[in-house]
Amino acid sequence: MLLLSLAITACQVDEDGDGWSTERGDCDDSDPGRHPGVEEVCNRIDDDCDGTTDENGEIEELAPGTYGLEAAHVVIRGQEDELYGFGEWLYAIGDATGDGADDLAVPTYNGLHLFPAAFCEGEIQSSESNSYLTPGGSSAHVTSRLGDVNSDQLADLRVQNRIFVSPSSGTGSDPDSVVTGSATAMAAADLDGDGFSDLVVGDTTTSSVRFHRGPLAAGEIGTAVSIRRPGFGDRVVVLQGTDPPLTFVGTRTSVSVIEGLPTEDSEDVSRHLDLESLFPDDAVFIGAGLASDGHDRVCVGTDQYGPVRIVCGTLGELDGGNPSLTIEPRPGTNDEQVGPRLSMTRDLVAAGHPWAPTPTSDQGGLVYVRGEGGNWDIEGSELNSFGMQVALLRDPRHDITWLAAAAPNEEPGGVIYLFALDASPTM
C-alpha cells in the first residue's frame, strides 16, 4: 500500500510551483497565478479553477440618467489596419459560448472579432478577441444575428451566406453550412412548431425572402420556399413568442409581416403594415431601422436623412396605431441627420443617433436607451460617429445589461464603448 501511495504522489507533478497539480484541480499548471483558492479577479479568466469566470468582478452599474463617454466601463480599441473602422458593424449574437451570457461580434473587412462575455472594466485591444476569418479575409462585415440554427441551445453566426455553428469552438475559415445563393440578412427560429429551427434568408439581389424548413443539415442548404416583393430582403427579424411565429421584413420604404412557415401550397401570406400614420409626413426610409426582442415585440425606425422616430410594440399595437413605446430625439437635438441603429432585449430598446448635434455640442452622436425601469442618454462628446452601431447584451449571471456603442471614425482604428446599465428584467 505504501508503494502504491508513493507512485500516485509521484505522478502529481506541480509544473508551475503554486502547490497545485493538474490532478488536484489546477486548471493551468503553467500559470502559478491560477489554481483553486486563489482570489478571482475581473480579467476574463477563470483564476480559481471553479469553472466560472469573473464571478467576483463587481461592477457599479449606471442608474437611469445622462452620461458621457467617461462613464464607459469598458473600451475596446481597434487597430490602425482595421479597414472601414472597428465598430462599423456590431452585433449582439446571443450566447455562443454556453456560459449563459450574450456575446459581442464585431465584423470588419479584415476578419470577424468575437468577444465572449463576461466583460470587465478597463481597456481591451481588438487583437484580444477570438477572431474568425472568412475565406480570403474579406467580406466579414456582412454579418447578422442568426439565432440557434441547429437547435443546440447555442447562438450560431452568419457571415455572408455561410453559417458557423457554435463559433466559439475554434478559430477558422471553414463554415459548417453554406446557403445556396446570396444572403443579405438571416434569422433562425422554429416557425412551424416541430422543435427544429427554420432558416429565413433575405436576399436583396432577387428581392426575396426564402424559408428553409428545419432540421438543417451540415453542408449546402438548398431548396426553399421563396416570397418575392419589391425591395424585399434588406432586413428580417423573427418573433418566436407569438402564435403563429412572425417574420418581419424591412425594406427602405416599408415593413411587411409573414405568419408561420410558408409552404409551396401557401397562398400569399405576406402583408404590408400601414405604419405611415405613426411617423411625420416628411419621414423617409421607414422600415430601414428594424429590430425585435425575439419574443413578441418589434421596433421600426427611420434611417438616413429626415425626422428621426422609432415606434415599438406588438403586431396588434402597431396595427392599431398605438405603439407601446415611441422614441424621438430629445428637445434641442438636430434630428435632420443620419438616423437610428436599433437593438432590443426583452426589457430595453437602444437607438444610436450619430451626427446628432445637441444644445451642448455642435458635433457628436447620441445613444438613447429606453425601458420600463428608466431612460439613459449617452452623449458622444465630439465623436460624430458615436452611435453608428449599438448592441444590447444580457449577462444574467451578473444581472447586467451591457450597452455597446461604436464610434468607428475615432482614431486610430475605431472604438467601441461598453456601459453596464442598472436594468434588471421587468417583463
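Is C49 buried or exposed? I looked up its relative accessible area: 18%, so C49 is buried. My cut-offs are under 20% for buried, over 50% for exposed and partly exposed in between, with a 1.4 Å probe and protein chains only.

Notes on the model. It is predicted, so I took local features at pLDDT of at least 70 and side-chain atom pairs at pLDDT 80 or more, while totals for chains, interfaces and linings use all residues. Numbering runs from 1 along each chain as its sequence is written, and side-chain values use heavy atoms, with hydrogens and water left out.

Entry: disulfide count. I searched for pairs of cysteine sulfur atoms within 2.5 Å. That rule gives two disulfides.

Entry: C27 and C49. Their sulfur atoms sit 2.0 Å apart, and the two form a disulfide. I read -70° about the S-S bond, a left-handed link. Both C27 and C49 lie in the loop between α1 (2–11) and β1 (65–67), so the pair ties together parts 22 residues apart in sequence. Helices (H or I, at least four residues) and strands (E, at least two) are DSSP runs, numbered from the N terminus. C27 has 40% relative accessibility and counts as partly exposed.

Entry: C299 and C312. This disulfide has an S to S distance of 2.0 Å. The torsion about its S-S bond is about 105°, so the link of C299 and C312 is right-handed. C299 is in strand β22 (residues 298–301) and C312 in strand β23 (residues 310–313), 13 residues apart. I checked accessibility next. C299 is buried at 0%. C312 is buried at 0%.
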